[in-house]
Amino acid sequence: MKRFKKTSNDQLVSSDRESSVVLKIAESKWGLNPMTLMAFFVVCLMVLTLVLSVAIVFGNLPSDCLWTLAEARFFDVKPSKATVSEDDIPRPVIVQKDKLLGGLLPSGFDETSCLSRYESLLYIKGLRHKPSSYLISRLRRYEALHKQCGPYTELYNKTVDLIKSGDQYSTGSSVCNYVIWVSFSGLGNRILTLTSAFLYALLTNRVLLVDPRVNLPDLFCEPFPQVSWLLPSDFPILDQFSTFNQKSPLSYGYMVRNNKSRIHPFIYLHLNHDYDAQDKLFFCDTDQTFLKKIPWLFVKSNNYYVPALFLIPSFEQELNNLFPEKGTVFHFLGRYLFHPTNSVWGLITGYYQAYLADADEKLGIQIRIFDLGVGNFKYVLDQILACTTKENLLPRVNLNEPIVNSSGKTKTISVLMTSLSPRYFEEIRNMYWENPTVTGEIVSVYQPSHEEHQQTEKLMHDRKAWAEMYLLSLTDKLVTSAWSTFGYVAQGLGGLKPWILYKFENGTVHNPPCFRDMSLEPCYHSPPNYDCKKKTGSYNTGNAVPHVRHCKDMSWGLKLFDQNGEL
């Protein structure tokens with residue numbers, strides 16, 4: 001027994017005689033020679049290892065852990081060089097909860113068909129606010145309705161037949177009712193109006209189907225499980241969509257103007273910026289009562305009309321339940337509905353990893369100029385620089401000192417600029433390239449594209465625009481341009497309160513050059529300003545309810561605010 005208590009050094013110098021005695025005892029006791037004994041030990045070791053592995057994997061870990069670990073590659077932006085400890089392994093329940101944004105997103109998708117749906121957590125800090133449990137449950141109910149009434153289901157086919165029947169429609173013969181979003185205007189407007197149509201569908205228990213004609217399937221993944229949101233190409237009146245306007249016989253405004261209030265299987269709702277008093281009746285409770293009887297509502301708009309839905313009394317309680325924080329409507333619905341397709345996601349992730357991922361701070365600057373005068377460039381450039389330096393978003397440069405590389409840790413700032421023109425980017429990039437900052441930071445400036453002119457409905461242009469909106473939403477701080485729906489989308493998706501550059505007018509830079517927005521929400525540029533009770537215009541809807549007020553970047557527009565004015 002003392003032999004086994006020897007130190008390692010003692011064992012190294014043990015005599016051959018002692019080893020021989022041990023082996024002989026083993027042979028005499030078990031009848032084994034040394035080779036047989038060694039083989040026995042090897043087999044025992046292999047069996048023990050296998051048993052322990054099975055026990056650990058299937059006995060102590062949750063049943064979905066293997067699946068979670070297999071998916072862990074989607075949750076690691078940069079591979080770590082350090083040894084992975086047990087504490088570093090992602091916990092399945094937490095990962096699953098984060099992937100679904102606290103329950104906002106549905107499960108059940110093929111993840112490879114839309115990588116951005118769950119990979120976005122690698123690049124963005126989740127939701128900046130918590131969705132209400134009522135909103136989450138309401139979205140699940142909507143998804144069940146969409147599955148029941150979506151394209152080519154039995155109920156959908158029956159409701160389509162009502163359109164073919166024309167005037168032979170009887171009220172109440174439809175189980176499923178629909179709101180059809182008709183594509184119109186630029187990509188930023190389309191995203192905002194599609195969000196508005198979806199909220200209206202939620203409020204009225206309708207199914208949202210979208211016009212598939214203009215690049216939509218190439219830009220956005222399907223948001224609802226199992227059944228598509230795209231209106232089928234064989235829909236009976238799809239070829240008439242481009243002709244819908246205020247003078248269409250089945251336009252609701254036209255019907256009111258001409259005292260034609262008959263029930264029809266479908267009605268067109270004209271909610272563009274040029275709508276008149278009769279079109280605006282859509283936002284009145286009595287007219288909503290009539291529209292409930294119509295199975296198919298076709299909506300065309302270039303406005304984010306969500307704030308006006310908050311002015312309809314019959315929707316008030318439901319909206320309060322859905323959005324206790326009124327200024328989060330687009331933040332939640334935008335993150336729910338809009339997931340870049342894999343082709344667009346490749347543009348986003350490739351650019352982010354190449355230019356933004358390693359920066360200590362990321363600043364987005366979105367420039368949209370509506371007055372393209374030749375002499376305006378210098379004024380706008382001065383406005384951008386005045387805003388970013390005055391608000392301490394970017395450091396000033398030292399024009400009198402050479403650039404000296406610091407041996408210590410230096411803060412890095414990556415600036416992502418988006419504009420149709422490359423000139424602002426080039427000037428700001430060169431300024432920080434050629435001069436040191438007074439506070440020592442290293443500022444790098446990037447711009448993914450410069451298309452020169454807006455090319456509405458051109459696929460590659462739309463892909464780049466969508467990628468740039470999304471990239472802006474991934475920044476830590478954001479500067480946008482007044483009136484720009486491009487900027488509205490970025491701030492809403494990112495949950496960012498931007499600094500907004502005042503609209504450039506009359507050849508002068510506004511003083512102050514920019515202001516900090518008080519809400520995440522987009523501005524409704526053309527609100528109805530209509531008194532439903534008196535049936536008269538010129539009604540100041542900005543004073544109707546506390547959470548709907550005028551926009552600061554467009555004084556006549558409307559915007560949603562939280563009750564206390566802050567988010």
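How many nonpolar, polar and charged residues are in the lining of the second largest pocket? The lining has 13 nonpolar, two polar and five charged residues, where Ala, Val, Leu, Ile, Met, Phe, Trp, Tyr, Cys and Pro count as nonpolar, Asp, Glu, Lys and Arg as charged, and the others, Gly among them, as polar.

The views show a predicted model, in which local features need pLDDT of at least 70 and side-chain atom pairs count only at pLDDT 80 or more, while totals for chains, interfaces and linings use all residues. Residues are numbered from 1 along each chain as its sequence is written, and side-chain values use heavy atoms, with hydrogens and water left out.

**View A. The second largest pocket holds about 460 Å³ of space.** Among the 20 residues that line this pocket, Phe 283, Leu 311, Ile 312, Pro 313 and Cys 532 are the closest to its centre. Helix H12 (285-291) and strand S11 (530-531) are the elements that give two or more residues to the lining. Helices (H or I, at least four residues) and strands (E, at least two) are DSSP runs, numbered from the N terminus. A pocket is an open set of points on a 1 Å grid over the protein atoms alone, where a 1.4 Å probe fits, with protein on both sides within 12 Å along at least five of seven lines; lining residues have an atom within 4 Å of a point. Grid points are joined across faces, edges and corners, and the volume is the space filled by probe spheres set on the points.

**View B. Strand S1 (residues 178-182) is largely enclosed by the rest of the structure, because five of its five residues are buried.** Buried means under 20% relative accessible area, exposed over 50%, and partly exposed in between (1.4 Å probe, protein chains only). Tyr 178, Ile 180 and Val 182 cover one side of S1, and Val 179 and Trp 181 the other. S1 runs parallel to strand S2 (residues 207-210), to which four bridges join it; Ile 180 has Leu 209 of S2 as its bridge partner. With strand S4 (residues 296-300), S1 pairs in the parallel sense over five bridges, and the partner of Trp 181 there is Val 299. Two strands pair if DSSP finds at least two bridges between them.

**View C. A right-handed β-α-β unit is made by S1, helix H9 (residues 187-204) and S2.** A crossover is right-handed if, with the strands pointing away from the viewer, the path from the first strand over the helix to the second runs clockwise.

**View D. Helix H20 (residues 485-494) has 10 of its 10 residues buried, so it is largely enclosed by the rest of the structure.** Phe 486, Tyr 488 and Leu 493 are among the buried residues. At the start of H20, a side-chain oxygen of Ser 484 comes to within 3.3 Å of the backbone nitrogen of Phe 486.

**View E. Ser 421 lies in the loop between strand S6 (412-418) and helix H18 (423-434).** This serine is buried, at 18% relative accessible area. Its side chain reaches the backbone nitrogen of Arg 423 at 3.2 Å.

**View F. Leu 271 is in the loop between strand S3 (266-270) and H12.** Leu 271 is buried, with 2% relative accessibility. Its C-alpha atom is separated by 9.8 Å from that of Pro 527, 256 residues apart along the chain.

Terms used. Polar contact = N/O pair within 3.5 Å; in protein donor to acceptor, adjacent residues only side chain to side chain.
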